[in-house]
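Biologist: Please take a close look at one part of this model for me, and then lead me on from there to other parts.

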Amino acid sequence: MDAQFRKFKNRIILHSAIESAVAGLAAALIVVAAILLAAMLNHLGLNVGIYIGAGLGAFVLAGGITFALLWPTDKKIARRVDKELAMNEKVQTMVEFSSSQDSMAAIQREDTSARLGAAGAKSIRFKKIWQCAVASVVSVGLFAASLVAFIIVGGPVPVNADLSLWDLTRLRNLISQVEDSDLDEEPKAVALKELHALEDFIYDETTGTYKTVSEEDLIAEVVDSMIAIDAAVDNVITAEPIGLSLNEKCTNEEFSYLGLHIAALNTVTTRSSFTQFKVNLYDDAFAESTLADAVALISEYSAQIYAGLDGLSSYSGEILYTSLAALADGFDSAVALAGDGQDEDLLPDVLSAARSAIDSCSGTVIIELADQSLDRQIGEQIIYDLQDIFDIPDGAMPDLGEPVTDMLPDDDNDGENDPDDGGDGGAGRGDTLWGDDSIIYDQTSDDYTAYGDVFNRFSAIITELAQSGDLSEELMDLINIYYDMLASGIEENTPTEDTPETGEEEAA
């Protein structure tokens with residue numbers, strides 16, 4: 001391409017770019033002005049990013065389309081230069097035959113190039129300066145007017161919350177329920193403080209009128225109260241850190257499971273874990289029948305508890321901590337009864353001491369877990385009621401975290417969502433059962449006996465009650481269904497070879 005012609009082309013492209021930029025800017029200002037007007041009419045406060053994004057989008061789209069339409073091809077440029085410089089189509093001819101090697105074409109190109117050089121690219125003037133100026137002034141004026149109107153007249157106007165006597169009554173009822181609840185004193189004091197603060201926030205007791213508060217401020221106030229109440233309840237839930245420490249630090253799977261049961265505030269599975277420890281001591285005594293094995297197992301139990309409590313000195317005065325520490329101390333005391341471990345006659349005393357330690361600890365732990373679980377349930381109910389009373393949308397609810405869930409692989413205690421290991425029936429974890437078809441711990445006699453014997457004895461009690469007419473027909477139907485299910489998997493009086501048929505033989 002001829003160097004002189006390129007200068008003209010660059011200048012005309014610059015003109016097109018300016019026109020496109022003006023068109024894009026005008027479109028951006030008009031779009032932003034339109035959004036401002038819409039926000040003003042609807043009293044909306046939009047994020048500044050929306051305005052910036054809309055403006056940039058309009059600028060790119062309008063400017064790009066305009067530039068594409070105005071893009072100057074060589075033929076268009078040649079036609080314009082011929083017209084404005086009155087060169088009688090010389091430039092068009094030069095462009096048309098730019099690649100021709102003919103001598104006449106070469107002479108014509110040289111002559112036209114010389115004429116272009118003499119005229120200079122600046123001779124091509126910007127033709128649409130007035131149109132661009134008017135478009136810029138109009139769009140800037142519209143944008144400025146919309147911005148001023150939005151700031152002065154139509155800024156975001158808070159929408160007042162629709163409060164009524166029903167809302168106040170429900171809040172006061174919630175306050176009464178919390179006052180009468182069994183919630184721990186510390187979180188109860190916080191909850192009542194927050195609820196009374198909400199009452200004062202929406203209602204003027206002096207004038208007997210509802211205060212004018214915006215929905216945004218009301219939601220923020222209620223959410224802050226939810227966070228404070230949840231934090232206060234969590235402050236008394238010591239089972240989570242203690243249980244998780246057991247779960248993480250104990251190498252023995254049974255204690256790891258116990259830790260997760262405690263952390264999840266699950267009294268059912270925690271109780272079954274403690275019962276399993278007693279069953280293990282029973283199995284060691286009658287299956288392997290060595291004092292050394294029993295001492296080794298009890299010592300391991302003690303070491304696992306100490307490992308789980310390690311580093312939790314801040315909870316040293318807490319009930320769960322002291323109960324578990326007492327259990328470990330009880331195991332140590334049971335081991336101490338074995339002396340040098342040579343006298344097998346000491347086995348019953350060692351086992352009895354270890355079982356007694358489990359019994360004294362497990363009851364306290366279960367009660368404390370139940371209390372903490374109740375605290376959590378009450379706290380969650382307060383938060384749910386606040387959301388319902390003030391109609392707080394789910395999207396505005398705070399992230400209060402998720403409680404620890406008691407879900408373990410091969411653990412039949414956790415419900416239908418727990419993976420099935422395909423084991424036999426009974427209560428326990430996988431292959432380790434504490435209430436199978438052969439033997440069960442009988443709480444009435446504090447002993448282990450054949451499952452069929454227990455089944456027969458309690459069946460006799462139920463039969464006597466049914467014959468006396470003390471049980472309703474509905475209750476009898478449920479009992480019959482339950483016993484039908486049990487009987488389908490029970491063989492009566494079939495204790496294992498390694499276990500005695502009765503508590504008397506065990507004592508013997």
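Modeller: Ser 225 counts as buried because its relative accessibility is 2%, where buried means under 20% relative accessible area, exposed over 50% and partly exposed in between, with a 1.4 Å probe and protein chains only. The model is a predicted one, in which local features need pLDDT of at least 70 and side-chain atom pairs count only at pLDDT 80 or more, while totals for chains, interfaces and linings use all residues. Residues are numbered from 1 along each chain as its sequence is written, and side-chain values use heavy atoms, with hydrogens and water left out.

Ser 225 lies in helix H9 (residues 215–236); helices are DSSP runs of H or I with at least four residues, strands are E runs of at least two, and both are numbered from the N terminus. Once neighbours within four places in sequence are set aside, Ser 225 contacts Glu 194 and Leu 198, contact meaning heavy atoms within 4.5 Å.

Turning to the nonpolar core (a set of buried Ala, Val, Leu, Ile, Met, Phe, Trp, Tyr and Cys residues joined through side-chain atoms within 4.5 Å), the largest one has 67 residues, and Phe 274 is among those with the most contacts inside it. Helix H15 (residues 347–389) gives the largest share of this core, 14 residues. Not counting residues up to four places away in sequence, Phe 274 touches several residues, including Leu 258, Leu 324 and Ile 358.

In helix H13, the buried residues include Leu 291, Tyr 301 and Gly 308, and just after H13, Gly 311 takes a positive phi of about 85°.
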